[in-house]
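Visitor: I would like to learn how to read a structure feature by feature. Please take me through this one.

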Amino acid sequence: MLDKLGNSLKDAMKKLAGRSVVDRAAVEDLVKDLQRALLQSDVNVKLVMNLSNAIKTRSLEEELPKGMAVREHVLRIVYQELVKLMGKGTDVTLGSQTILMAGLQGSGKTTTTAKLARYFQRKGLRVGVICGDTFRPGAYEQLSTLCAKINIPCIGNPKETDALKIVREGLPALSHVEVIIIDTQGRHALENDLIKEIIDINAIAKATHRWLVIDAALGQQASEQARRFHEAISIDGVIITKMDGTAKGGGALSAVSETQSGIVFIGSGETIDDLERFDPDGFISRLLGMGDLKALVEKAEESIASSDFDVNAMMRGKFTLRDMYKQLESLNKMGPLKQIMSMLPMGNMQLPEGVLDVTTVKMSRYRIIMDSMTGAELDDPALLSSSRVQRIAHGAGASPEEVRELLKYYKTMKRALKGVRGGGGKFDLQRMMKRFSG
Ligand code: GDP
Ligand code: MG
């Protein structure tokens with residue numbers, strides 16, 4: 001699926017390699033290749049235009065983040081926009097829930113119902129299914145046969161013509177299970193009574209999730225189908241089936257965007273275990289042929305997230321060894337302190353010399369030493385008597401001098417931070433880091 005896209009993207013990205021500025025012609029080339037590939041894969045035209053405009057505008061207008069090459073910058077934007085297109089990927093909770101399956105006939109609902117039952121069963125949950133398809137001959141038999149193989153109770157009645165009745169009576173019969181999956185009928189095209197029926201089933205079942213099953217081979221009509229189902233029952237996840245085939249898949253992708261939800265699972269074969277959780281990051285990285293793409297995008301974000309030390313408490317003068325530890329930990333991910341500080345808009349703030357002269361190697365030494373301290377010591381460095389310093393040095397395989405050097409560094413840092421506070425300037429480290437990481 002979308003393999004053409006992968007190849008043309010790779011070619012397009014090559015054009016940006018080694019450049020030092022984002023050049024308009026190169027970006028336009030890239031966007032053109034991207035459009036061609038997406039359209040050939042059956043992605044909806046409007047979506048293609050939105051995506052390519054966003055990529056063009058962002059690539060040309062967003063400031064090139066410090067330390068990032070042009071190619072990485074554009075790649076990151078392409079990646080982020082593709083993730084947006086496919087949705088964030090939907091969480092699957094492992095608790096009690098009722099899942100309603102929606103989709104056209106032949107899309108793979110019944111097969112996927114059984115696959116899902118298997119999935120939750122493997123996660124240790126009690127599962128039961130209801131066959132709400134009273135239209136297709138043999139529907140109950142198909143589902144109950146699949147379920148019998150995996151010992152899952154299947155409620156249904158091949159003689160009953162009222163699907164609502166089956167669901168209404170089936171729910172209490174499954175009161176002992178945690179996950180209930182309701183299979184429904186779908187016909188060749190969207191008919192009004194089918195839509196009415198699924199609205200009613202949804203109301204009776206008070207479904208936790210309404211997942212739309214879409215065949216990867218469904219082309220441009222996929223968007224329209226998705227929109228109708230979404231209007232009726234508010235779809236909150238999409239399952240794309242038959243991804244093992246030769247389908248281009250772009251139609252299904254467009255459908256995802258129509259429901260404003262994400263892809264939950266991918267069906268990749270006819271057997272009951274051919275169901276995969278969808279991971280948009282991995283999927284797009286593979287598409288772009290770059291394994292480390294996610295890492296690239298996350299690098300900056302991670303260091304922001306992990307800087308969870310209390311900046312405000314710190315600014316009030318409460319700065320313990322524990323704070324310093326966390327700080328070193330998060331700064332360490334971003335590179336040498338001196339380099340980072342030089343990127344932060346500190347204004348005319350003067351830091352004492354020694355504060356910045358800490359190498360990455362030293363930072364990790366300090367962290368090892370702090371690992372040998374107790375919680376109480378980290379919170380209150382005043383406890384660090386010389387016998388404790390001895391103990392810590394011993395535990396960390398360091399010399400007592402090194403421990404004292406660390407303490408000296410801590411004091412310098414603390415004093416420096418007090419100085420910043422005294423200077424009255426606004427000091428929002430989180431914000432600064434965000435700015436720095438673009
Ligand atoms: P429903 O009408 O929506 O219930 O669709 P079914 O579950 O009956 O599936 C229709 C056909 O598609 C069956 O022959 C299934 O075996 C097949 N099918 C469903 N999911 C997949 C899949 O992920 N891969 C492949 N290769 N076939 C699938
Ligand atoms: Mg079916």
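Visitor: Let me begin with burial. Are Tyr119 and Phe120 buried or exposed?

Guide: This is a predicted model, so read every value as computed from it. A residue counts as buried when its relative accessible area is under 20%. Tyr119 is buried, and Phe120 is buried too.

Visitor: How many aromatic pairs does a search of the whole structure find?

Guide: Ring centres must lie within 6.5 Å for a pair to count. The search of the whole structure gives 4 aromatic pairs. Tyr119 and Phe120 form an edge-to-face pair, with 5.3 Å centre to centre and 85° between the planes.

Visitor: Why is the pair of Tyr366 and Tyr409 called tilted?

Guide: Look at the angle between the planes. Stacked needs under 30 degrees, edge-to-face needs over 60, and the rest are tilted. The planes of Tyr366 and Tyr409 stand at 40°, so this pair is tilted. Their ring centres are 5.5 Å apart.

Visitor: Which parts of the chain does that pair link?

Guide: Distant ones. Tyr366 belongs to helix α17 (residues 360-371), and Tyr409 to helix α20 (residues 400-422). The two are 43 residues apart. Tyr366 and Tyr409 are both buried.

Visitor: Which residues do ring pairs link into a cluster?

Guide: Follow the pairs from ring to ring. Tyr119, Phe120, Trp211 and Phe265 are joined into a cluster this way. Phe265 also has a charge over its ring: the charged end of Arg277 sits there, 5.5 Å from the ring centre.

Visitor: Now the ligand. How many residues surround ligand 1?

Guide: Begin with the shell. It holds 17 residues, and the closest are Gly106, Lys109, Thr110, Thr111 and Asp244. Next, ask what kind of residues they are. By class, 10 are polar, 6 are charged and 1 is nonpolar. Then ask where they come from. Helix α5 (residues 109-122) supplies the largest share, with 4 residues.

Visitor: What share of the accessible area of ligand 1 does the protein cover?

Guide: Take the area of the ligand on its own as the reference. For ligand 1 that is 570 Å², and the protein covers 82% of it.

Visitor: Back to single residues. Why does Ser59 count as buried?

Guide: Compare its value with the cut-off of 20%. Ser59 has 1% relative accessibility, so it counts as buried. Its place is in helix α3 (residues 45-61). A polar atom of the Ser59 side chain lies 2.6 Å from the backbone oxygen of Ile55.

Visitor: What are the relative accessible areas of Glu402 and Asp323?

Guide: Glu402, in helix α20, is buried at 17%. Asp323, in helix α14 (residues 321-334), is buried at 10%. Now check C-alpha separations. Glu402 and Ile369 are 33 residues apart along the chain, with C-alpha atoms separated by 8.7 Å. For Asp323 and Leu378, 55 residues apart, the separation is 8.3 Å.

Visitor: Is Asn192 buried or exposed?

Guide: Exposed, with a relative accessible area of 60%. Asn192 is in helix α8 (residues 192-205). Its C-alpha atom and that of Arg228, 36 residues away along the chain, are separated by 10.0 Å.

Visitor: One last feature. Where do Ser234 and Lys242, with their positive phi, lie?

Guide: Check the residue type, then the location. Ser234 is not a glycine, yet its phi is positive, about 55°. Ser234 lies in the loop between α9 (221-233) and β6 (237-241). Lys242 is not a glycine either, and its positive phi is about 60°. Lys242 is in the loop between β6 and α10 (250-259). Finish with accessibility. Ser234 counts as partly exposed at 40%, and Lys242 counts as partly exposed at 36%.

Technical notes
Residues numbered from 1 in each chain as written. Chains lettered and ligands numbered in written order. Predicted model: local features only at pLDDT ≥ 70, side-chain atom pairs only at ≥ 80, totals over all residues. Heavy atoms only, no water. Near = heavy atom within 4 Å. Areas by Shrake-Rupley, 256 points an atom, 1.4 Å probe, with all protein chains shown as cover. Nonpolar A, V, L, I, M, F, W, Y, C, P; charged D, E, K, R; others polar. Phe/Tyr/Trp six-rings, centres within 6.5 Å; stacked < 30°, edge-to-face > 60°. Buried < 20%, exposed > 50% of the residue type's maximum accessible area, 1.4 Å probe, protein only. Lys NZ or Arg CZ within 6 Å of the ring centre and 35° of its normal. Polar contact = N/O pair within 3.5 Å; in protein donor to acceptor, adjacent residues only side chain to side chain.
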